[in-house]
Amino acid sequence: MSEIDLQDRFPEMKPVKRAPTMWTVNGCGLTLYGSRDKDPETRTYVKTRCLSLVFLPLFALSAYRVAKAGGEGWYFLGRVPLSGFAKAWNFLIAICLAGGIGGITFNQIYNSPDAIAERKLAEAESQLSSGEVVAAAESIRSVCFGPSTKRDKAKELLENLHERA
């Protein structure tokens with residue numbers, strides 16, 4: 001049987017000096033997933049190293065052409081580019097993380113005591129301009145006894161309510 005030149009056979013593959021770092025604790029960490037681009041002649045295939053959480057791959061970090069080494073091990077022949085699916089998955093995860101962080105941040109700001117107090121005071125101003133003095137007083141009172149830093153402004157409005165009515 002003739003020698004197979006792996007570099008000619010897999011031109012996109014970059015040689016590696018050692019196996020990539022892999023570790024998991026209770027399914028969380030860095031490990032290999034999948035089996036793609038199988039080559040029957042060399043009996044090699046590509047596995048993707050992923051950051052996983054409870055055995056679920058979250059983020060694809062790199063891909064390697066490997067050969068089975070018996071048992072649970074592999075010989076790492078070289079590093080190859082991530083698949084289109086892995087790149088798309090990484091993009092989707094990044095978008096979900098950014099959206100989640102943005103949503104949580106928006107929720108924290110929008111529902112902060114000061115933001116709620118500002119909306120209540122704006123509502124009170126609107127009620128006063130339409131002649132609803134009792135409703136405006138109730139909106140202002142809720143800010144006076146609330147946890148926001150707008151209490152002083154609300155107390156001032158409440159004290160001056162008779163002048164504006």
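In which strand is valine 46 found? Valine 46 is part of strand β3, which covers residues 44-53. The structure is a predicted model, in which local features need pLDDT of at least 70 and side-chain atom pairs count only at pLDDT 80 or more, whereas totals for chains, interfaces and linings use all residues. Residues are numbered from 1 along each chain as its sequence is written, and side-chain values use heavy atoms, with hydrogens and water left out.

The chain contains six helices and five strands. Helices (H or I, at least four residues) and strands (E, at least two) are DSSP runs, numbered from the N terminus. Along the sequence these elements follow the pattern α-β-β-β-β-β-α-α-α-α-α. The radius of gyration of the chain is 31 Å, while a compact globule of 165 residues would have a value near 15 Å. This radius is taken over C-alpha atoms, and the globule rule is 2.2 Å times the number of residues to the power 0.38. Along the principal axes, the C-alpha atoms fill a box of roughly 100 × 30 × 20 Å. Of the 165 residues, 29% count as buried; buried means under 20% relative accessible area, exposed over 50%, and partly exposed in between (1.4 Å probe, protein chains only). Among contacts with a separation of 6 or more, 40% come from residues 24 or more positions apart, a contact being heavy atoms within 4.5 Å.

Valine 46 counts as buried because its relative accessibility is 2%. Not counting residues up to four places away in sequence, valine 46 touches Gly34, Ser35, Arg36, Asp37, Ala63, Tyr64, Arg65 and Val80. One of these residues, tyrosine 64, is 18 residues from valine 46 in sequence, and the two C-alpha atoms are 5.4 Å apart in space.

Helix α2 comprises 27 residues (residues 84-110). From its first C-alpha to its last, helix α2 reaches 38 Å, close to the 39 Å expected at 1.5 Å a residue. The expected span of a helix is 1.5 Å times one less than its number of residues. Ala86, Asn90 and Ile93 are the buried residues of α2, and their cover includes β4 (56-68).

Helix α4 is formed by 12 residues (residues 133-144), which should span 16 Å at 1.5 Å a residue; the C-alpha atoms at its ends are 16 Å apart, in agreement. Within α4, the residues Ala136, Ser139, Ile140, Val143 and Cys144 are buried. Viewed down the axis of α4, these buried residues fall within an arc of 145°, so they line one face of the helix. The arc is that of the directions from the helix axis to the C-beta atoms.

Serine 148 is located in the loop between α4 and α5 (151-159). With a relative accessible area of 4%, serine 148 is buried. Apart from neighbours within four places in sequence, serine 148 is in contact with Pro113, Asp114, Ala117 and Val143. The side chain of serine 148 also reaches the backbone nitrogen of lysine 150 at 3.1 Å.

Side chains of opposite charge can pair when their charged atoms come close. Five salt bridges are present in the structure, a salt bridge being a side-chain nitrogen of Lys or Arg within 4 Å of a carboxyl oxygen of Asp or Glu. One of them joins the side chains of aspartate 39 and arginine 9, at 2.7 Å from N to O. Aspartate 39 belongs to strand β2 (residues 28-39) and arginine 9 to helix α1 (residues 6-9), so this pair ties together parts that are 30 residues apart in sequence. Aspartate 39 counts as buried at 11% relative accessibility, whereas arginine 9 counts as partly exposed at 34%. A network of salt bridges links Arg9, Asp39 and Glu41.

Lysine 150 forms a salt bridge with glutamate 118, in which the closest N and O atoms are 3.1 Å apart. Lysine 150 lies in the loop between α4 and α5, and glutamate 118 in helix α3 (residues 113-129), so the pair ties together parts that are 32 residues apart in sequence. Lysine 150 is partly exposed at 23% relative accessibility, and glutamate 118 is partly exposed with a relative accessible area of 33%. A salt bridge also links arginine 36 and aspartate 37, with 2.7 Å between the closest N and O atoms. Arginine 36 is partly exposed at 22% relative accessibility, and aspartate 37 is partly exposed with a relative accessible area of 45%.

Terms used:
A polar contact is a pair of N or O atoms within 3.5 Å; within protein, one must be able to donate a hydrogen and the other to accept it, and residues adjacent in sequence count only if both atoms are side-chain atoms.
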